[in-house]
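Work through the exercises below with the sequence and coordinates at hand. Each task is followed by a stepwise solution.

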Amino acid sequence: MNDVPAAQAAGSTLPLVQLRKDEEAGEYNPFEHRKVAHPTTNTETLVHLLKGSLGSGILAMPLAFLNAGLWFGLIATFAIGIICTYCVHILVKCSHILCRRAQIPSLGFADIAETAFLAGPDGLHKWSRFARFIINLFLVVDLIGCCCVYVVFVATNIKQVVDHYYSVDLDVRVYMAALLLPLILINLIRNLKYLTPFSMVANVLIAAGMGITMWYILTDTPSVSERHAVADFKQWPMFFGTVIFALEGIGVVMSLENNMKSPQHFIGCPGVPNTGMAFVVGLYASVGFLGYLKYGEETKGSITLNLPTEEILAQSVKLMIAIAIFLTYSLQFYVPMEILWKNLKGNFNEHRNAAEYSLRIGLVILTVGIAAAIPNLGPFISLIGAVCLSTLGLIFPSVIEIVTYWEDGMGRFNWRLWKNILLILFGIIGFITGTYVSVIEIIESHL
């Protein structure tokens with residue numbers, strides 16, 4: 001596995017005495033002190049970022065537009081995309097500042113929060129370990145949840161194709177069980193760099209599958225006047241949860257940045273997140289707009305499920321994208337596994353490799369089990385987005401920036417303070433409303 005700073009690897013609180021003011025640590029360049037066994041290039045990092053964002057969420061975008069309306073959905077998708085990208089910049093910039101203060105080469109997401117609280121006002125020091133814990137908890141729940149969604153998505157699409165050729169109507173859970181062994185095998189790969197070829201293949205399959213899907217969508221497309229411009233207000237929380245699930249890739253951002261050969265190129269102009277998210281948001285908005293325009297009220301949890309089941313070309317799309325999402329599972333799985341193993345490996349002085357592989361196998365089995373328990377794709381996606389990604393992508397980066405800059409004069413009229421308060425409020429509203437509506441949908445689907 002990639003090398004990490006000692007404080008990170010141990011999962012311990014950073015000593016307060018290590019922290020320095022920017023002027024005292026100005027000569028320390030964290031990028032020069034990073035020791036990464038298998039660093040990734042800018043292109044490889046962009047590939048991983050695209051693959052982390054171009055998951056099953058893009059296929060749920062037409063359903064998101066169904067819950068928002070054609071024109072409101074288009075405007076809101078771009079707005080949420082800009083906000084998500086901005087919050088990535090907040091997190092990475094705070095990471096660089098705190099690396100200099102703590103004299104540490106790199107920091108993970110949870111390390112950033114802990115270091116910010118230690119470097120902030122005295123009253124926050126005692127909360128530093130809690131900040132680390134809560135972010136790690138949400139990261140693990142979020143990305144494990146994404147893996148569960150991926151299992152549901154792959155199994156559902158394969159089932160549609162198989163059902164067309166065989167009269168045996170097997171439950172979707174049977175297909176989930178069949179995925180278990182292949183998922184275990186691919187997730188025994190422990191190095192992020194070795195996952196790059198899988199990401200490349202997945203990107204090609206996604207591109208080909210989406211190209212064919214767009215051909216179906218653009219064939220005999222109805223007039224925009226036949227669709228709602230703005231959906232009922234009560235449906236908006238489902239839209240928010242689905243879109244932020246689709247767009248938010250903050251869970252893998254720090255792992256990608258920390259593994260770069262040239263991390264100073266990660267942000268800036270154009271920068272990896274700017275380039276990647278500009279492409280992703282434009283593509284997602286197009287798929288959502290045109291998919292809802294095509295299928296209207298019949299839009300399903302994944303746009304591939306709306307394609308005709310009797311045509312070979314449509315069947316190939318379902319299988320291509322199912323394989324791509326299957327390969328993406330390992331990238332999403334990498335971060336929660338890394339977090340859990342860093343905190344557990346100290347308990348295993350002997351047979352450490354066996355313990356790590358056992359944990360990997362156990363987590364994969366857990367995701368398949370949860371997916372089997374909640375196989376309803378649409379509400380599941382919205383629930384993960386509302387619960388985890390509104391906190392990780394909006395609330396936590398904003399809190400971290402407030403704490404990081406607090407002693408630089410964060411007064412009551414400071415623009416940075418109020419900007420972050422607005423982001424936090426937006427995240428809280430999305431969290432509460434999205435969670436409520438998604439849970440109700442899941443409960444109703446099981447009655």
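**Exercise 1.** Classify C99 as buried or exposed.

Solution. The relative accessibility of C99 is 0%. Buried means under 20% relative accessible area, exposed over 50%, and partly exposed in between (1.4 Å probe, protein chains only). C99 therefore counts as buried.

The model is predicted: local features need pLDDT of at least 70, side-chain atom pairs count only at pLDDT 80 or more, and totals for chains, interfaces and linings use all residues. Residues are numbered from 1 along each chain as its sequence is written, and side-chain values use heavy atoms, with hydrogens and water left out.

**Exercise 2.** Determine how many disulfides the structure has, then examine C87.

Solution. The criterion is a pair of cysteine sulfur atoms within 2.5 Å. Searching the whole structure gives zero disulfides. For C87, the nearest cysteine sulfur belongs to C84 and is 6.7 Å away. C87 has 0% relative accessibility, so this cysteine counts as buried.

**Exercise 3.** Describe the packing of helix 7 against helix 13.

Solution. Helices are DSSP runs (H or I, at least four residues), numbered from the N terminus. Axes are lines fitted to C-alpha atoms over the stretch in contact, and angles run from 0 to 180 degrees between N-to-C directions. The pair is therefore roughly antiparallel (angles over 145 degrees). Contact (heavy atoms within 4.5 Å) involves, among others, R173 and M176 of helix 7 and I361 and V364 of helix 13.

Notes
Helix = DSSP H or I, 4+ residues; strand = E, 2+ residues; numbered from the N terminus. Parallel < 35°, antiparallel > 145°, perpendicular 65-115°, else oblique.
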